[in-house]
Amino acid sequence: MKVGIDKIGFYSPNKYIDMVDLANARNEDPNKYLIGIGQKKQAVIPNTQDVVTMAANASQKIINEDDKKSIDLIIFGTETGVDNSKSAAIYLQNLLNLNASARAFEIKQACYGATAGLQMAKEYVTNHPDKKALVIGADIARYGLNTPGEVTQGGGAISMIVSSDPSIASFDGESAFHSDDIMDFWRPLYRTEAVVDGHYSNNVYVDFFKNTWDKYNQMNGLSINDYKAITFHLPYVKMGIKGLRAVLPEASELKQEELKNEFNVSKIYSENIGNLYTGSLYLSFLSLINNSNDLKTGDRIGLFSYGSGAQGEFFSMKLERSFKNNYSIEEIDSMMNSRKKLTISEYETIFNQWLPIKNINMELDWKSDDAEFFLKELKDNQRIYDHK
Ligand code: COA
């Protein structure tokens, strides 16, 4: 029996900044951001959106009434949680009117959370083929104004339905994983921005990729020639390029060209949105299947997941009959193209409006948020969500 991803939804807010404008404001050569880092645009997240609302906005695009009846597992991967105790999954379940006879919880391991959720969902659906699982990867990547990491910010949510007989892609072989106690990126409880040793993180990422890639291929009797494309966790595009370059010498020149071409389409959404943290790998996967003209049913796609701290996992999926997911191609193109470009000063104002970590009663400017689901107010230590 095949188990895998049946649907993928994506949401990111309707505002962005251009990386040339950011480079100019920070006295950097624009080519450092465009070529050296590989980013073109960056999503800007207003304080009326958090991981709960972004996950609801991504999920409502894909969940129908049949799904609602079958989903009895809701796993929310995030490192931008809104509460130290209550999970974002419970808020989401309520906002979307999902089945109350469900297990709903949140998991965290930096940018790896959604992959952990996906693998748990795979095991669950394998044992309960008539059930479905909803797996979320939602985050807001914040490094701070005028920091080296600023160019690698962004945010949004990926929502995936895992089922038997999936429409998009099925799991293929057992995963290879590797973990180690590494201080490359973390966020202590009292901080709203990450602490990062970016250059070190680059090196660890490539090492973990090579480690899990070699292990996976050995375990499953595969070589680079067996992959139509390899997708990466993309905190910024250059990081994926570094990963790909580490294994390209294993392929013929012709195969190298093919893998580079497919990588170039897998980065389109990320280079225009920025870092989604735990959703980033799945945004690359979505970008690949929506934008490549060379894929066919049965093609094997590699997926490398990395969460700082650090956990790495490599696995592969085979494309299924309806992988083109046409509905979301139109939705995503129109969402990306209708975003409003902000000046750097407007972005800085929104960045500084991040909600404080203390009890405060305030109504937010939700009327200027065009999303279906939004955070309306903070009241008596509670977050009050609403929808249009
Ligand atoms: N034209 C083209 N390329 C240029 C350039 C120019 N004018 N100026 C610099 N570059 C290149 C550099 O050569 C370098 O390329 P390389 O990585 O292939 O060596 C790249 O741009 C970045 O330059 P660098 O000087 O290393 O930038 P930086 O010190 O400002 O830091 C990061 C860049 C990515 C390390 C920093 O943004 C960061 O820490 N980001 C967060 C990373 C992260 O999220 N890690 C954890 C998640 S997995």
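Reply: **Around the ligand**

Helix 2 (30–37), helix 7 (198–220) and helix 8 (237–247) each bring at least two residues to the shell around the ligand, and helix 2 gives the most, with four. Helices here are DSSP runs of H or I, at least four residues long, numbered from the N terminus. Bear in mind that this is a predicted model, where local features need pLDDT of at least 70, side-chain atom pairs count only at pLDDT 80 or more, and totals for chains, interfaces and linings use all residues. Residues are numbered from 1 along each chain as its sequence is written, and side-chain values use heavy atoms, with hydrogens and water left out.

There are 22 residues around the ligand, and Lys32, Tyr143, Pro148, Lys238 and Lys242 come nearest (near means a heavy atom within 4 Å). By type, the shell splits into nine nonpolar, nine polar and four charged residues; Tyr and Pro count as nonpolar, Lys as charged, and Gly as polar.

Now the polar contacts, meaning pairs of N or O atoms within 3.5 Å. Pro148 has a backbone N or O atom 2.7 Å from a ligand oxygen. On the nitrogen side, a side-chain N or O atom of Thr152 is 3.4 Å from a nitrogen of the ligand, and a polar side-chain atom of Ser201 also lies 3.4 Å from a ligand nitrogen. The ligand alone exposes 980 Å², and the protein buries 72% of that (Shrake-Rupley areas, 1.4 Å probe).

Note on methods
A polar contact is a pair of N or O atoms within 3.5 Å; within protein, one must be able to donate a hydrogen and the other to accept it, and residues adjacent in sequence count only if both atoms are side-chain atoms.
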